[in-house]
Amino acid sequence: MSWAVLGAGHWGTALAVHLCRQGQVVRLWGRNPQRLPDGSNPSRLSPVFPDLPWPAGLGVEPDLATAVAGAEGIVLAVPSHALRSLLNSLSCLDLSSETVLVLAAKGLELPSALRLDQVVQAECRQLPLVVLSGPSFAHDLVLGKPLAMTAASHDMVRAQRVAGVFVSDQMRVYRSDDVAGVCLGGAIKNVLAIAAGISDGLDNGDSARAALITRGIAELHRLGTALGGRTETFMGLTGTGDLILTASSDLSRNRRVGIGLGRGETLEKVLADIGQEAEGVRSAQALFRLARRLGVEMPITEQVYRVLYTGADVRQASEQLMRRAARAEHPAALSPADSASREAGA
């Protein structure tokens with residue numbers, strides 16, 4: 001197959017390199033020419049991975065129409081805020097109805113709070129869609145380290161086909177038809193990773209981080225199922241797996257945002273120091289609105305939102321979580337008598 005990878009940041013570049021290693025014909029496109037290798041340079045080192053020898057078969061194309069011309073698959077690896085604009089541009093091009101879109105971005109659109117698969121469907125409904133997500137860092141993919149992902153689609157034949165392209169000795173790819181759940185897991189976990197980072201920035205300790213991740217899984221499940229995702233999805237790679245990785249590794253941009261905030265740095269300074277997108281910052285606003293609208297209790301997400309958008313003090317936010325009223329860990333498992341008398345809270 002021939003592929004176009006749209007988005008020349010770390011993740012888009014890593015996916016393009018991986019596809020090229022799989023023997024695919026690949027063209028990489030990006031809005032920012034500074035993120036594309038210089039074709040006149042024989043070494044053609046990647047600006048985002050300076051130590052990466054550029055695969056000989058990986059093409060670089062600054063023109064969008066040329067990049068996608070004749071492509072059988074198009075990987076969408078741009079930030080959430082840039083997705084709709086890119087899709088608008090794609091919809092104006094003469095693409096075959098058999099061209100499969102592979103959504104490899106995570107987050108929610110603002111101000112609509114739509115899942116990214118819903119944005120794709122709204123703008124390019126005529127093209128088949130597969131969502132590729134899971135606990136994976138671009139750095140690990142480029143270095144050839146083992147990882148596992150999920151290919152989700154309402155068309156399982158398409159999901160199988162895309163999984164077959166990406167699967168390798170390095171990458172194991174599972175299949176799912178829960179598109180909503182896979183997309184929601186990838187968005188919600190970023191906000192919870194910021195919370196874990198704040199806790200570590202406050203030096204709350206490993207036990208506190210473990211508690212935040214575990215209670216974060218409960219929040220992910222509550223909102224995710226309310227929005228149409230399935231329990232088993234949130235307990236799998238694209239829910240719990242992705243959350244564990246993002247909340248515990250210093251390679252995680254969202255976790256690093258939280259660490260900086262926990263140490264008393266401003267959001268502006270933290271983001272400037274990271275120099276890359278941190279989707280959890282945007283997603284926190286969308287998730288807070290969704291939770292309020294649906295009446296879903298998400299105390300961790302709420303405190304992250306207040307720190308990011310209302311100037312709440314990080315230590316006070318942490319203390320607010322600890323002061324919540326006691327409750328059963330699994331309310332649904334209580335006996336009817338206990339359930340009637342259980343306390344509110346989370």
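Which residues of β1 lie on one side and which on the other, and are they buried or exposed? Ser2, Ala4 and Leu6 lie on one side of β1 and Trp3 and Val5 on the other, and all are buried (buried means under 20% relative accessible area, exposed over 50% and partly exposed in between, with a 1.4 Å probe and protein chains only). The structure is a predicted model, in which local features need pLDDT of at least 70 and side-chain atom pairs count only at pLDDT 80 or more, whereas totals for chains, interfaces and linings use all residues. Residues are numbered from 1 along each chain as its sequence is written, and side-chain values use heavy atoms, with hydrogens and water left out.

Because five of the five residues of β1 are buried, this strand is largely enclosed by the rest of the structure. Strands (E, at least two residues) and helices (H or I, at least four) are DSSP runs numbered from the N terminus. Strand β1 runs parallel to β2 (residues 25–29), to which five bridges join it; strands count as paired if DSSP finds at least two bridges between them. Trp3 has Val26 as its bridge partner in β2. Between β1 and β2 the chain passes through α1, in a right-handed β-α-β crossover (right-handed if, with the strands pointing away from the viewer, the path from the first strand over the helix to the second runs clockwise). Strand β1 also pairs with β4 in the parallel sense, over four bridges, and Leu6 is there partnered by Leu76.

Strand β4 (residues 73–76) is in turn joined to β5 by four bridges, again in parallel, with Val100 of β5 as the bridge partner of Gly73. Three bridges pair β5 with β6 (residues 129–133) in the parallel sense, and Leu101 stands opposite Leu129 of β6. The path from β5 to β6 goes through helix α4 (residues 116–123), and this β-α-β crossover is right-handed.

The unreviewed UniProt entry places a "binding site" feature at Gly7, Ala8, Gly9, His10, Trp11, Gly12, Ala138 and Arg253; such positions follow the numbering used here, feature names are shortened, and annotations may be inferred rather than shown by experiment. Of this set, Gly7, Ala8, Gly9, His10, Trp11, Ala138 and Arg253 belong to the lining of the largest pocket. A pocket is an open set of points on a 1 Å grid over the protein atoms alone, with protein on both sides within 12 Å along at least five of seven lines, and lining residues have an atom within 4 Å of a point. Ala8 is located in the loop between β1 (2–6) and α1 (10–21) and is buried, because its relative accessibility is 5%. Beyond neighbours within four places in sequence, its contacts (heavy atoms within 4.5 Å) include Leu28, Trp29, Arg35 and Val48. His10 is in helix α1 and is partly exposed at 23%. Residues touched by His10, not counting those up to four places away in sequence, include Arg35, Val48 and Ala138.

Zero disulfides are found in the whole structure (cysteine sulfur atoms paired within 2.5 Å). For Cys92, the nearest cysteine sulfur is that of Cys124, 9.2 Å away. Cys92 is exposed at 66% relative accessible area, whereas Cys20 is buried at 14%.

Terms used:
1 Å grid on protein atoms, 1.4 Å probe; cavity = no way out; pocket = protein on both sides within 12 Å on 5 of 7 lines; lining within 4 Å.
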